[in-house]
Each structure stands twice: as C-alpha cells, then as structure tokens.
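Visitor: I would like a close look at a single part of this model, the place where the two chains meet, with the cut-offs behind each term spelled out.

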Amino acid sequence: MHRTIEVSRAYGPVVEGEALVSEEGFSPRYDLDRWSGLITKPGHRLEGMSIVDKICFFPTAKGGIAAGWAFYDIKWKKIAPKAFVFGVTNPVMVQGAIFAGIPITAGWSPQPRGVVKTGDRVRVDPARKLIEVLS
Amino acid sequence: MELTSEERAILAGERGEAQRRALEYQLEVGRFWGAKRFVPVTSVHMMGDIEVMGDGGLAWLKAEADLGARCRVATTTNARCIDFAHCDRLGQDAGEVAKERELIATLRRMDVVTTDTCINYQTVYQPHLGEHVAWGDTGTVIYANSVFGARSNFESGPAALAAALTGRTPEYGFHLDEHRRATFAVQLNAELKDLADWGAVGKLVGESHQDYFAVPVFHGFHRSPTADELKHLGAALASYGSMGMYHFIGVTPEAPSGTEHLSEKISVNEKDIERVYARYDLGDGNGRLVVFSGPQQSLLEMKRLADLFQNKRISSDTSCFVTTNSAVLAQSRDLGYAQALEQAGATILQGVCFYILQNLSPMREKNGWSNMVSNSAKIVNIIGAHRFNTILRRTADCVEIACTGRLK
C-alpha cells in the first residue's frame, strides 16, 4: 500500500531519509543538545534519540526565538536533520529552517500516527506538498 | 507576493547586495505563510549573541557587515549570553567571550543599538496601537501584540535582522486582523497575588493549547493587573504555548467586549494554581540555585527583591542570580536596591538572561547544581535542555529557599 501524507505549507528541495516520529512537540533550544544532536530534555518522549540526518515529525513547535539561529548553527556543525515535518508550527521554526536551507512543512493530513513510524524511509516533496513512505 | 517599486528595486540589487539577500529571504518566508505583501516596520528587536548564533552565525554576520548591511529602522538587541564583568567568575570560555565582543562590534557596525534586554517594552520602546514592528524574543512579541496592540510575529534573529535591513516584514500572522481575534476564553477565579502565579496561569493555558494561532481572552479577574504581572503571564503563554497574543477584557486594547461568541471556555481556579506548585519533583530538596531571570527584572521587581532580601543572608551553599538590563541596574544602584541584593549575597548580572548564559551546562556540573528554583514559569520551562530539575515557587518562597538553602 502506498502511504502518503499531504501537507499544507512547505519549503525546500526534495529529500529522502529515515523518519523520527515524535508524539511531543519540539524546540531546538529547550529539548536539544546542540553539540551532539541528541534530544536531552529530561522526560521528552524522544529523550536520548538523535535528530541528525533524520526527517523529524513533530506535532507542535515550542516557544523560542533562539531557534532561528539554532537551525543554522546545527547545520554549520553538520548535525542538522534532513527535514522538519510539523503538525502546527510557528514562524520561528519556518524562518530558522529557511535561513538554514532545511526543508520544512506544516499542517498534515492524515496525522502521521498509523501512517509512518520511526525508522521508516520517507520522501519529503515540498513542491508537491507531499510526504511519501517508501519502506 | 505583490511588490512595490521600492521592493522590486531592492530585489534588482539597487540598494546593495545585503538588502537584496535579506528581501529574497523574506520573500521565501512570506511565500510559506501565504503573505500577499510586505508591511513597513518602525522598530526591530533582535536576538543575536554567540551562544545562540554559534560560529556559523557569527561568520555569516561578519560577511553581512562587510557587504555593507546597515539597519534602516531603529534596531535593538535582546538579552545576551555574557556579562563581561562576571564571565571569569562564572567560568565562561575566554574564546567565546572574545567572540561575543566581536559580535557586538559587528552589530554596532551595522547600526544596531545593543541594548541587551528582553524587557525593551518596559524600558526602551513602547509601540502604539496598530504599529507594525518586527520583534523577538517571544516575551517581547506577546507583550507588544497584547498590551500595546502593536503588530508583530515572532521574529527570530535572522528574520528580525532582515527586517532591519529592508525596513519591512511579510504580512502574515499577527499583522492581519483575522489572526488577532480571541479563539478561546479563560475565566480567572484566583487571587494571583504573586508574579509566579501569573506564570502558572500562562503554563496551564499555554501547555493545554500549544498553538501559535491560539489567542486566549482572559476575563473575570477581580482587579487591574500590573505591567509586571502581564509580563509574566505573556512570557509563560509564549513559552509553554508558543502563543503570540492574548486579550484581557477591560485591560488590553483589542479585547472583545464579551466571550459569548467563543465556543471554548475554560477557567483557572485557585486549586489549579496550587496544583502547579505541588507537581514539581523537589529532588533531594536542595535549594543551591535560585534564579530571578527570564525575563530580566524591571525596576519594580528589583525593588521588591531588595525589600524581601533586606537584612537577610543567602545561604553559603546557595547561588542566587538576578538578571536585568544596564538601565535598570544603574537606577537600582542609584536607589540602593542593587546594594541590598548584593549585601544579601545575590549576584546581579547585566544584559543577560540566565538560561542563555554561555557554558551553562558545564557551569551546572562544576557547581553541583541540580535543582533550579525560580519565580519565572518561563525559565522553569526553557532551561530543560541543560538538565536542571526546575521548580516554580512564589517570589517570597524563592527568597526563603535562597536563604535556607532548602526546599520544602
């Protein structure tokens, strides 16, 4: 079965990679160790997981203006994810991802739960506003 | 997007390469959000320090300055990561301190006014109703939108700087009437006597409605709130809920007259507030770190702290930090508040916020800090990645914890 998710808004080139699917929102400032790319906030549902080179699915964005520089910083350090896929997001995530040249999408239908799980290989196609699960 | 002749000239490179790149970037952001045009801005407030920017950000900034990037509108800076008077004692890296100096010099070369404050709305610039601005951090944005009725999205460092260079920002989000209307109502059935209580309200409402476009309207409160109370409410809503605007009936300029039209209605009661305080894990009960920061303290907060710490002594095992900006600190010295705090054993840091201090994780380990106690619900939320166990307490309780070194 061909599994796909349509997104409402999108930026960036087509990318393929391994999915990291979170049930909890994300901030690169509150949750992430910006030297290792590991999620380190105690109690975060993905605590201990790496976002490096992943296609990260997060239902929400949390707080934080500083995220705008943080994405460029992690890209510079070569620990950035391949793409961010948000359910709802905020301008900072979008401004930060575009500044860093990291593909980003917002709004999804259907929800990732039941369609994609961590470890699946997925393709993000911003121009077609489509996410495809490849395996 | 519809472009004016001036914007087309910028894109054609007629105003220089820095402006051209800035507007190209703003166009991408605008397209993502479906903006139809740009709006002129009168004030920019940007976050830019070595801790948030890193080496890559600094290299980019220097290249921009070399390209001739200069601010077209008044541009101020947010709190930063190094207080040069305290960096050695705090064990901050000399190399990063040098980079921070270089960064500040680069910003000044670009005509940025380095105010280093996250309370610009209390101390630097108060925009009027309907005024378009491009601000960050989030606490400044929610205050501008809600209390002043000005119009700003969360503008991250690169986006704010782009607005500074082009004098405009894409018109989406809170620049548009359609996103400024209340989406749910919150009845306040609590006394809310302390600033931490206001942060607790922000936590409760923000955590349960994490959405930039959710706009609560508060009503039913028994008195008029103060500026510092609204500051802590907004900072917590923005932090826990990623929210950029709220209304408060009888208080904020764009509040609706009633809440009948809203389908979602919630309330915050006294017991909800008490439950927030009761839910923190106290670890081993140590009170070795007490922080009054995030946002920086206003002059009236400095006075309150000075009053509470009067004739008291902070426990020798406890570090207590107070952060504010240079203007408030100068006035606090004139008035004797700063001396009272320092005599009690507190360290006052200028121009910084505790949670973005450079080298904070190693600082935590070196000092054996595990619990962090604060009266700011915002900082209790945002410092998690540095692996503090955080606890929200009322201001007077924080003072007592600092003096006894123990949590109850």
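Guide: The domain assignment of chain B gives domain 1 (5-175), domain 2 (181-277) and domain 3 (281-404), with bounds that come from an automatic or database domain assignment. This is a predicted model, in which local features need pLDDT of at least 70 and side-chain atom pairs count only at pLDDT 80 or more, while totals for chains, interfaces and linings use all residues. Residues are numbered from 1 along each chain as its sequence is written, and chains are lettered from A and ligands numbered from 1 in the order in which they are written.

The contact between the chains takes 34 residues from chain A and 32 residues from chain B, where two residues are in contact if their C-beta atoms, placed from the backbone, lie within 7 Å. On the side of chain B that touches chain A, at least two residues each are supplied by helix H2 (17-33), helix H3 (50-66), helix H8 (157-166) and helix H10 (227-241) of chain B; helices (H or I, at least four residues) and strands (E, at least two) are DSSP runs, numbered from the N terminus. H3(B) gives the largest share of that side, 6 residues. By class, the side of chain B that touches chain A has 14 nonpolar, 13 polar and 5 charged residues, with Ala, Val, Leu, Ile, Met, Phe, Trp, Tyr, Cys and Pro counted as nonpolar, Asp, Glu, Lys and Arg as charged, and the others, Gly among them, as polar.

Now to one helix pair across this contact. The axes of helix H2 (residues 91-100) of chain A and H2(B) come within 10 Å and cross at roughly 135 degrees, the axes being lines fitted to C-alpha atoms, for helices over the stretch in contact, and the angles running from 0 to 180 degrees between N-to-C directions. H2(A) and H2(B) are therefore oblique to each other, since angles under 35 degrees count as roughly parallel, over 145 as roughly antiparallel, 65 to 115 as roughly perpendicular and the rest as oblique. By class, the contact of H2(A) with H2(B) has 6 nonpolar, 1 polar and 1 charged residues.
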